[in-house]
Amino acid sequence: MATLQDVQNIILAGKAKLTPGVVQEAVDSGIPPKDILNTMIEAMSIVGERFTRNEIFVPEMLITAKAMKKGVATLKPYLAEGATSAMGKMVIGTVEGDLHDIGKNLVVMMIESAGFEVIDLGVDVTADTFVSTVRENPDTKLVGLSALLTTTMPAMENIVAELNKQDFRPNIKIMVGGAPITQEFADRIGADAYTEDAATAAVVAKKLVS
Amino acid sequence: MKNNVVLLDGAVGTSLWEKAERHGIAKAPVWTYNITHPELVRELAQDFLDAGAQIIQTNTFGANGPAVKRSSKFTVPQVVQAAVRIAREVIGTRATVSLDAGPLSTLLEPYGDMEEDECREIYEEMIGAGMAEKPDCITLMTFMDLEMLRIAATVAKQYGVPVYCAMTFEKSGRTLLGNTVQEIVDTLGPLGIDGIGMNCSLGPDLALPVIREFAEKTDIPLIFKPNAGVPVVNASGETVKDYDAQTFAREVAPALDIVSYIGGCCGCGVDYIRAMKELLET
Ligand code: B12
């Protein structure tokens with residue numbers, strides 16, 4: 001019989017292969033699925049904070065994120081519709097010309113754990129794709145852009161400019177990030193928020209929609 | 001005095017993008033230029049040769065199967081073989097032509113979903129295609145996962161040419177996926193590679209301690225190819241490099257006593273190689 005503590009431990013240990021089994025056992029022991037989800041979310045935020053404090057590094061984050069993903073997949077059929085997306089929808093992608101996605105994927109995982117439904121457009125995403133995706137998903141609350149190259153920062157600027165022209169602009173908040181991005185740059189191009197790391201991105205995302 | 005140190009080239013990726021911009025050519029994955037704008041690639045190889053580089057990399061760093069499929073209508077052999085032919089045409093036997101291969105953009109298990117077999121097949125295709133045009137050696141650069149580098153190096157070692165391996169390091173003195181110099185030496189040493197070391201990373205000052213650690217831990221000839229710092233975009237939107245060519249050469253100088261191969265990575269254009277050449281001659 002698995003307890004909530006077991007679920008939390010297995011996520012913290014990043015055991016992606018074992019996580020589905022432990023989550024399933026917890027469900028079978030009659031623990032409410034919603035509580036299991038909250039425990040996993042808590043684990044993810046513990047990991048996120050450790051990452052922000054430089055106590056753990058990218059590999060540990062990647063492994064935990066993978067365990068979390070597997071756990072959520074196991075739990076999903078038992079959860080009420082919308083339980084994992086109560087905060088709203090975020091559209092995210094790495095900007096045109098840029099293929100770096102390790103950081104963006106961590107942001108996706110942290111934001112999902114914070115209760116958002118995330119539409120991940122992947123890498124090398126054009127302004128058109130961002131705009132049409134938001135149009136097709138009128139309930140989008142956040143748009144996230146990632147850029148890791150100084151040479152793709154102009155693409156980020158361009159995508160934000162395109163988004164800023166749209167009639168749906170008042171309904172969304174734009175978040176930007178990636179190693180070369182700064183608060184100053186984010187302000188200059190007209191984005192709503194910048195954060196230095198994935199854990200902080202989740203905290204700020206919650207603030208932006210409340 | 002230091003003429004036992006072999007001079008490598010500089011950045012292929014960032015230098016080609018600079019050239020493309022000057023010529024008003026659309027920015028694209030740089031390996032596509034082997035077919036669409038071979039004149040750019042030829043010009044860069046010539047620049048590095050003229051600057052004194054003794055080993056010149058082919059423009060193939062990111063030309064692996066998944067990338068070529070995703071961003072072009074070409075095949076891996078088309079792209080990679082065009083690159084080796086261009087390098088050979090320009091260089092002849094005046095310098096060494098090295099087939100360059102970088103990491104894949106997907107992560108291996110347990111960090112990502114890629115299995116070892118799939119990864120090996122991708123490198124077999126890429127390196128196999130390149131070797132058909134008979135480059136003189138193979139360089140595997142900018143890896144951040146030792147396991148991926150081990151797989152690629154095992155493939156590369158089958159061709160009977162020298163194989164050089166370099167990883168990129170974070171501020172922590174480890175790779176992005178946490179590998180230490182000791183682990184790297186222990187894993188790659190037994191494969192019988194011909195050179196080992198570091199490239200790219202975060203600029204020469206942060207790179208020196210890492211290359212010194214290699215010197216302490218292995219007798220394999222060392223490769224040192226740091227980048228010109230991490231470029232930053234200032235408030236007015238201009239890109240500025242941390243290190244200009246002269247500063248860069250001065251900063252790498254202390255490594256000349258321990259390394260066998262020296263060059264530059266991202267941000268290091270031809271002027272950086274020229275500055276290092278002067279350094280080697282004094
Ligand atoms: C891994 C890597 C690659 C891999 C990418 C694999 C992948 N799937 O992502 C590969 C090998 C493919 C690659 C290729 C290239 N790379 Co590269 N790469 C790196 C490296 C080593 C690590 C990047 C990384 O993943 N960091 C770890 C993550 C966790 O950090 P992060 O991305 O910053 O994300 C965090 C925050 O920024 C934030 N964040 C990120 N996105 C977002 C989004 C939002 C909305 C928010 C709020 C926050 C946020 O949260 C994240 C987690 O905390 C860096 C060097 C370095 N140490 O940074 C170079 C680096 C980024 N690459 C560089 C270069 C030059 C290239 C190439 C051009 C090389 C070449 N010769 O071809 C190509 C370009 C390919 C392309 N078109 O994109 C340069 C960029 C220099 C510049 N001009 O800006 C760097 C800095 C290396 C260097 N020192 O010069 N690269």
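**Entry 1: chain B as a whole**

I began with the secondary structure of chain B in this predicted model. I counted 11 helices and 10 strands in chain B. I then looked up its overall dimensions. The radius of gyration of chain B is 18 Å, close to the 19 Å that the globule rule gives for 282 residues, so chain B is as compact as a globular protein of that length. Along the principal axes, I found that its C-alpha atoms fill a box of roughly 45 × 45 × 45 Å.

I next checked burial and contact range. Of the 282 residues of chain B, 50% count as buried. Taking contacts between residues at least 6 apart in sequence, I noted that 77% in chain B join residues at least 24 apart.

**Entry 2: one residue of chain B**

I looked up B:V240, which is found in strand β9 (residues 239-240) of chain B. Is B:V240 buried or exposed? I found 11 C-beta neighbours inside 10 Å; a residue with 12 or fewer is exposed, so B:V240 counts as exposed. I also recorded its separation from B:T282, which lies 42 residues away along the chain: the two C-alpha atoms are 29 Å apart.

**Entry 3: the sheet of chain A**

I turned to chain A and traced an open sheet of five strands with parallel pairing, in the order β2-β1-β3-β4-β5. At the edges I found β2 and β5 (193-194) of chain A, each with a single partner strand, so one side of each is left without a neighbour in the sheet.

I examined strand β1 (residues 88-94) of chain A in detail. This strand is mostly covered, as five of its seven residues are buried. Five bridges join β1(A) to strand β2 (residues 116-120) of chain A, and the two run parallel. On its other pairing, β1(A) runs parallel to strand β3 (residues 140-146) of chain A, over six bridges. Which residues stand opposite A:V91? I found A:I119 in β2(A) and A:V143 in β3(A).

**Entry 4: the contact between the chains**

I looked up the interface and found 14 residues of chain A in contact with 13 residues of chain B. On the chain A side, the elements giving two or more residues are α4 (58-75) and α8 (183-189). Of these, α4(A) gives the most, with four residues. I sorted the residues of this side into 10 nonpolar, three polar and one charged.

**Entry 5: the ligand**

Where does the ligand lie? I located the ligand between chains A and B. There are 45 residues around the ligand, and those that come nearest are A:G103, A:S146, A:G177, A:D197 and B:G13.

I then asked which elements each supply at least two residues of the shell. They are α5, β3, β4 (173-177) and α9 (198-209) of chain A, together with α1 (13-22) of chain B. I noted that α5(A) gives the most to the shell, with five residues. By residue class, I recorded 23 nonpolar, 17 polar and five charged residues in the shell around the ligand.

Technical notes. Residues are numbered from 1 along each chain as its sequence is written. Chains are lettered from A and ligands numbered from 1 in the order in which they are written. This is a predicted model: local features need pLDDT of at least 70, side-chain atom pairs count only at pLDDT 80 or more; totals for chains, interfaces and linings use all residues. Two residues are in contact if their C-beta atoms, placed from the backbone, lie within 7 Å. Ala, Val, Leu, Ile, Met, Phe, Trp, Tyr, Cys and Pro count as nonpolar, Asp, Glu, Lys and Arg as charged, and the others, Gly among them, as polar. The radius of gyration is taken over C-alpha atoms; the globule rule is 2.2 Å times the number of residues to the power 0.38. A residue is buried if 20 or more other C-beta atoms lie within 10 Å of its own, exposed if 12 or fewer, and partly exposed in between; C-beta atoms are placed from the backbone. Two strands pair if DSSP finds at least two bridges between them. A residue is near a molecule or strand if its C-beta atom, placed from the backbone, lies within 6 Å of it.
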